[in-house]
Amino acid sequence: MDAAAQRRLDAYFSDIGDILAHPLRRESFATYAMGLLGEAERKSIEPIAARACPDPARVQAAHQSLQHFISNAHWDDHAVRRYAARYVIAAMAERAPVSAWIIDDTGFLKKGEHSVGVQRQYTGSAGKITNCQIGISLSVATRYHHVPIDFELYLPQSWAEDPARRREARIPASVQYKTKVDLALGMIERAVREGIPGDIVLADALYGNAHEFRETVRLLGFDYAVAIEAPTKVLLLNGNDSERCAPVSVGELGRRLGRRAFRRVAWREGTGRTLSSRFALRRVRVASRDGIPIAQHEPVWLLIEWLDGERQPTKFALTTLPARMSRREIVRIHKERYRTEKVYEELKGELGLDHFEGRRFPGWHHHVTVALSCYAFVVAERARHFSPSAGRTRLPAPLPLAA
């Protein structure tokens, strides 16, 4: 980092220190954060303490201090995350406004059964059912940058409803079992209360299939673009939003449309090639199990994707984006969600997001808070280094994460 970046980092840590209030917590946060930003391969508490302490005789004491700060100390995760979010959004917004909020989840692979929330469950990170924790994230994105600002740990019922496990993992009494959809909506509602900017919510089919997720997002004033699964039933509409036929699954509707109904759309330049696929866009109402007649449901767009090499359409999404938008713009916004995987890779590979070795609920959230704060600073620096001459359709080249 140059001198100006170092001054910004010092000021950033100082402001977070004011939130933490206690001198030892300020020191521990800075030590732990610099450990995550550093070049060490393993970024758990013990190696961070060893690298931060020049006196071998004091390494054990440094380790105990960091262990207490992460696993046992009482400090407000949400207050720190709120400051980090506002800091990075201010830097991002100098180039382009925050437009999208992205809900996604990622797996934290684990051995054993004692880490809070761990069980055999499916995670897209591994592409299979495996022993892991699941974290649900809320990210915000501009046209050029993408950063997670909040995370929740999913507690399966086997954990949430087991008193012995709750005591051992120090799960607060206020934390009860919630579905992943409920956890996602809780983060969205919290971000709304805190005045985080945004216009549209993006999510995969786990969330898009849930009518309560889509309806709550709309009630909060957002548009959405969410993936759904092929069995979802819809009512195809005419140009004036009148009914056209009986409800049909989106998979069947895609097959009925045939290849000629699909048009190739490119949404951005990838590494060495233009990313494109074939899409059809149709106006529909969704058949939801909410007790409301389908005719009273809001008309939305159904976006159907037919991948090259496939014999039929395989990807489907619903969106409330306005009709005046072009098909290309609707596709581009819908595809913004896929940048989240790259963000997870950086957080895990460079900032040790999944290196936490503790077993307790507060420790997991404290560790994630420090990692999110570090990533927010890195993304803010990227935004400051983004040259306007680079053009409006290119993403900025990443700056190294290691400080």
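1. Two strands count as paired if DSSP finds at least two bridges between them. Helices (H or I, at least four residues) and strands (E, at least two) are DSSP runs, numbered from the N terminus. On these terms strand 11 and strand 12 (residues 315-319) pair in the antiparallel sense over 5 bridges, with Leu 303 opposite Ala 317 of strand 12.

2. This is a predicted model, in which local features need pLDDT of at least 70 and side-chain atom pairs count only at pLDDT 80 or more, while totals for chains, interfaces and linings use all residues. Residues are numbered from 1 along each chain as its sequence is written, and side-chain values use heavy atoms, with hydrogens and water left out.

3. Strand 11 also pairs with strand 10 (residues 274-286), in the antiparallel sense and over 7 bridges. Here Phe 279 stands opposite Glu 305 of strand 11. Buried means under 20% relative accessible area, exposed over 50%, and partly exposed in between (1.4 Å probe, protein chains only). Strand 11 (residues 300-306) is largely enclosed by the rest of the structure, because 7 of its 7 residues are buried.

4. A nonpolar core is a set of buried Ala, Val, Leu, Ile, Met, Phe, Trp, Tyr and Cys residues joined through side-chain atoms within 4.5 Å. The largest has 101 residues, and Trp 101, Phe 213, Leu 302 and Val 370 have the most contacts inside it. Helix 14 (residues 361-384) gives the most to this core, with 14 residues. A second, separate core has 18 residues, including Val 265 and Ile 330.

5. Contact means heavy atoms within 4.5 Å. Beyond its neighbours within four places in sequence, Leu 302 is in contact with residues including Ile 228, Val 250, Leu 281, Phe 316 and Leu 318.

6. A cavity is a set of points, on a 1 Å grid over the protein atoms alone, where a 1.4 Å probe fits but cannot get out; lining residues have an atom within 4 Å of a point. About 100 Å³ of space lies in the largest cavity. Helix 5 (77-92), strand 4 (146-153) and helix 8 (180-193) each supply at least two lining residues, and helix 5 gives the most, with 4. Among the lining residues are His 78, Arg 81, Asp 150 and Glu 194.

7. Two loop residues have positive phi. Ala 21, between helix 1 (3-20) and helix 2 (23-37), has a phi of about 75° and is exposed, at 54% relative accessible area. Arg 170, between helix 7 (163-169) and helix 8, has a phi near 55° and is partly exposed, at 40%.

Terms used
1 Å grid on protein atoms, 1.4 Å probe; cavity = no way out; pocket = protein on both sides within 12 Å on 5 of 7 lines; lining within 4 Å. Points joined across faces, edges and corners; volume = space filled by probe spheres on them.
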